[in-house]
Amino acid sequence: MVRLPWFLLRGLALACLLFDVCLTVEEGHSTCASLETECSINASSLWQIRQTRSVALQVDEASSGGICLPAAHLPKELNKAVKHVHHGILPPWPHTKSTNKDHNAGDSVRLAFLVQVCYKTHLELVRRTFDQLYDTTDSWLYLVDKKCTASAHSVRKELGLIGPHSRDLPNVAVREAPHAPYYHWPRVQVVLDGLKHLQQHPWEFVIHLSESDYPVHSSAWIRHALTRQRGSNFIQVIPKCLSLIGKTDLNTPSRKGLHWYPPEDGSTMMEDPWYWWKDTRAVASCGDRFTPDFVNKTYFPHDDLERLGFIFGRSPEWVVLTRELVDYATGPKLGNFKKLIAMHAAADETFWGTLVLNIPKFTPRLSRQGWFIHWPPKSTNHSPDTLTEKDHLGTMLQNHNLYLFMRKVEPKASAKLLQFVDSLIPTEAPPAANSAASLLESHWEQHYNLEDFRCPTPPSKKNGRKSASE
């Protein structure tokens, strides 16, 4: 047996961590088998490895926003999550009165814009959107994925923040963000980190946009519309289950294009046919330390959580949020909830919808998303259709005043559509206190009864699936 000095032992332990190795103990020895050579380490020194491993994971959690869930930890963390839900995983909503009553009707809201950028080919569209919406009273933050073709420097240049004809815009910031692929928790963490940065500035609503979103109205029109909707969060919530008892409109709470399909067996409960409700594999992630991935034979405990009254829902990640909800979501008491969602497939589209359906004593209104989006029938894609003048303009114009933005658009494929929308903006009147504004508000506002969203669950451990710990 080789007894290594403490400094080599610690170095070896760190090497194991770098190669994402789970240490195993066999007959008083620990083996780190993924290195080029195998080293047998005296078990009496194993506590040093565990100490080093613990410190390294704490560093990883700090660098990943506090969420670091290696594959080996998932069964234990999922079982802990069920216990946290049982005891109350979310703190009560801290506000007792509507924000809508705290302002005079004539006061315009201040806005913040959180824009995620990836592709260099979209920079012209990014600048075009900025020019349509920019106001000196608002706050802007661009997050540029560090592994994409665009860069923070190229975004600053496109916006005119640097270069020979640069302009001083102190309310606009551009930052490089960690790489965050679609679906998984690191993408949510990037957004939450961006929201925390924007909290340094005064605003009432934050609008989360991508480089493929474009306004269908002027900045003044959007500001007037949101002023009339103070206290509302524009989140298109689609619950995992919906009771049919007393329901006559199957487009509620879903919008046309996000389809519900009535059950064929005559039951009174519909289940959202979303692909990611059916794929129950748990997900391991740790910021950008390694690529998030599904963990075989480790399952997300939907049934156990729903049996405790937890309600799952999904929503697009492109939303308009009140400051109060952002303060709540970025607060220090949501760590257990964030870990739970981080282990779920498609965390980026389950975070907001599931959050607002489970906050105790949540009083703010939930409004429809406010984006014109076209999905192909029965689509399971993460991304909707690219909008074009030929295929989508007519449909959008039927309810033009019910939308704030449209998505997704491409610089070339959507060129004629963008040009037509721009031509409408100079002549439009902002929504006022008239019948058109009332129609807009009644269309946006969503009325929920949480009891309608509770999924029927089988008896404990009778669902035919292994639990997270098996």
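Colleague: Which residues have the most contacts inside the largest nonpolar core?

Modeller: They are L325, W352 and L355, in a core of 69 residues. A nonpolar core is a set of buried Ala, Val, Leu, Ile, Met, Phe, Trp, Tyr and Cys residues joined through side-chain atoms within 4.5 Å. Buried means under 20% relative accessible area, exposed means over 50%, and partly exposed lies in between, with a 1.4 Å probe and protein chains only. Please note that this is a predicted model, in which local features need pLDDT of at least 70 and side-chain atom pairs count only at pLDDT 80 or more, while totals for chains, interfaces and linings use all residues. Residues are numbered from 1 along each chain as its sequence is written, and side-chain values use heavy atoms, with hydrogens and water left out.

Colleague: Which helix gives the largest share of this core?

Modeller: Helix α6, residues 185-198, contributes seven residues, the largest share. Helices (H or I, at least four residues) and strands (E, at least two) are DSSP runs, numbered from the N terminus.

Colleague: What is W352 in contact with, leaving aside its neighbours within four places in sequence?

Modeller: W352 is in contact with L192, L195, I235, S315, V319, L321, L325 and A329. Contact means heavy atoms within 4.5 Å.

Colleague: And which residues does the second, separate core include?

Modeller: F113, V144, I207 and I222 are included in that core, which has 35 residues. As background, nonpolar side chains in soluble globular proteins tend to be buried together.

Colleague: How much of the chain counts as buried?

Modeller: The figure is 53% of the 470 residues. The chain has 15 helices and 20 strands. Among its contacts between residues at least 6 apart in sequence, 79% join residues at least 24 apart.

Colleague: Let us look at L114. Where is it, and is it buried or exposed?

Modeller: L114 is in strand β4, residues 111-117. L114 counts as buried because its relative accessible area is 0%. Leaving aside neighbours within four places in sequence, L114 is in contact with L141, L143, V191, G194, L195, L198, V206, I207, H208 and L209. The C-alpha atoms of L114 and L198 are separated by 8.2 Å, although the two residues are 84 apart along the chain.

Colleague: Changing topic: at what angle do α13 and α14 pack?

Modeller: Helix α13 (residues 389-398) and helix α14 (residues 415-424) pack at about 30°, with axes 9 Å apart. Axes are lines fitted to C-alpha atoms, for helices over the stretch in contact, and angles run from 0 to 180 degrees between N-to-C directions. The two helices α13 and α14 are therefore roughly parallel to each other. Angles under 35 degrees count as roughly parallel, over 145 as roughly antiparallel, 65 to 115 as roughly perpendicular and the rest as oblique.

Colleague: Which residues meet there?

Modeller: From α13, E389, L393, M396 and L397 meet K416, L417, F420, V421 and L424 of α14. By class, this contact has seven nonpolar, no polar and two charged residues. Ala, Val, Leu, Ile, Met, Phe, Trp, Tyr, Cys and Pro count as nonpolar, Asp, Glu, Lys and Arg as charged, and the others, Gly among them, as polar.

Colleague: What about α4 and α14?

Modeller: Helix α4, residues 123-133, packs with α14 at about 10°, their axes 13 Å apart. These helices, α4 and α14, are therefore also roughly parallel to each other. In this contact, L125, R128 and Q132 of α4 meet L418, Q419 and D422 of α14. The residues divide into two nonpolar, two polar and two charged.

Colleague: Where is the cis peptide bond that joins R407 to its partner?

Modeller: It joins R407 and K408, with omega about -5°. K408 lies in the loop between β19 and α14.

Colleague: What is the phi of A346, and where is that residue?

Modeller: Phi of A346 is near 55°, a positive value in a residue other than glycine. A346 is in the loop between α11 and α12 (347-358), and A346 is buried, with a relative accessible area of 1%.

Colleague: And K297, buried or exposed?

Modeller: K297 counts as exposed, at 57% relative accessibility. K297 is in strand β14, residues 293-299, and its phi is near 65°, again a positive value in a residue other than glycine.
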